[in-house]
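Please keep the sequence and the structure in view while reading.

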Amino acid sequence: MSPRVPVLTYHGVNVAGDDPSTNDHVALAADLLVIDRLGWRIVPLPELVRRCVVRGEAWPDPRALAITFDDGTDFDWRDLDHPVHGWQRSMHGLLADFAGRDDARVVHATSFVVVSREAREHIDRVGLAGKGWWSDDWWREAEAGGRAAIASHSWDHNHDLVAHRMSIVRPTGTFRSIATYDLAEAEIARASAVLRTVAPNPGDRLFAYPYGEANDYLVREYFPRHHQRIGVDAAFGDGARPLAPGDDRWCLPRYVCGRDWSNPDALARILEGRSG
């Protein structure tokens, strides 16, 4: 049987406390130690998709996993002083710390980013700290270092706070309402095209559904018919299980920190239950 590969997802903006259950930075630092202790190895998600999903090959390592970060706030790349919980080491910084000077220790993560600068700036200003912590000036730098990929998390996340900027009226706060060609073009095709201009990299062929929510139209019609034109190879949705042979490439599963595990021991149980 071909190995099944867990894909772990964190949200750098999730800073609500100082322990793994309330702070994804604390969780990632602790989880990396578990991953190392149990003998798992981190692999780049674009390479995993290209090999296992697009080409249909088996990943050779039975203890391989991939790491992703959603939303693409500056917490992914920059150390920031949270107004309530203090200094936070960036998510990619935590990976760099873990790698240290060991060139043999591969660390890599894919940041799924909200592509629209206007949407990010507005949500940051009215819904987050209002400190300009949702920028895109780090995307090229991150990818150039060889340990990060930048992928699409849609144009504006179909977020409630930017509903007034949308030319097509639909329910916001969910991605299930993106169920027509015009809406899919606005949220998915537009985001992919701009991302390839702003930060061309291997990750720009990947997509992750906001809120983890797909629908039949996107999975069974839009992506199968248009993925070559818009340049997307796979889309990640919900589902707390490892990526396995035969999975639908337009709704691939991921584990989400805080939802599917909330402490290092729980992650160890997930990994050991699916290690081969």
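The model is a predicted one, in which local features need pLDDT of at least 70 and side-chain atom pairs count only at pLDDT 80 or more, while totals for chains, interfaces and linings use all residues. Residues are numbered from 1 along each chain as its sequence is written, and side-chain values use heavy atoms, with hydrogens and water left out.

The pockets may be considered first. A pocket is found on a 1 Å grid over the protein atoms alone, as an open set of points where a 1.4 Å probe fits, with protein on both sides within 12 Å along at least five of seven lines; its lining residues have an atom within 4 Å of a point. Grid points are joined across faces, edges and corners, and the volume is the space filled by probe spheres set on the points. The largest pocket has a volume of about 230 Å³. It is lined by 14 residues, of which W155, D156, R165, M166 and R190 are the closest to its centre. Two elements, α4 (117-127) and α6 (181-198), each give two or more residues to this lining, and α6 gives the most, with three. For the class of a residue, Ala, Val, Leu, Ile, Met, Phe, Trp, Tyr, Cys and Pro count as nonpolar, Asp, Glu, Lys and Arg as charged, and the others, Gly among them, as polar. On that basis the lining of the largest pocket comprises six nonpolar, two polar and six charged residues.

The second largest pocket holds about 180 Å³ of space. Its lining has 17 residues, with C52, L243, A244, P245 and G246 nearest the centre, and is made up of eleven nonpolar, three polar and three charged residues.

The interior comes next. A nonpolar core is a set of buried Ala, Val, Leu, Ile, Met, Phe, Trp, Tyr and Cys residues joined through side-chain atoms within 4.5 Å; buried means under 20% relative accessible area, exposed over 50% and partly exposed in between, with a 1.4 Å probe and protein chains only. The largest such core contains 28 residues, and Y10, I35, I67 and W261 have the most contacts inside it. Two or more residues come from each of β1 (7-10), α1 (24-37), β3 (64-71), α3 (91-99) and α8 (264-272). A second, separate core of 19 residues includes V5, W59, L243 and L252.

Contact means heavy atoms within 4.5 Å. Leaving aside residues up to four places away in sequence, I67 touches L8, Y10, L28, L32, I35, I42, L95, H108, A109 and T110.

Aromatic pairs complete the picture. Rings of Phe, Tyr and Trp (its six-membered ring) pair if their centres lie within 6.5 Å; planes under 30 degrees apart count as stacked, over 60 as edge-to-face and the rest as tilted. The count is 14 aromatic pairs. Y10 and F69 are edge-to-face because their ring centres are 6.3 Å apart and their planes lie at 70°. Since Y10 belongs to strand β1 and F69 to strand β3, the pair ties together parts that are 59 residues apart in sequence. Y10 counts as buried, at 0% relative accessibility, and F69 is buried with a relative accessible area of 0%. F75 and W133 also form an edge-to-face pair, at 5.4 Å centre to centre and 85° between the planes. Both F75 and W133 are buried.

Notes
Helix = DSSP H or I, 4+ residues; strand = E, 2+ residues; numbered from the N terminus.
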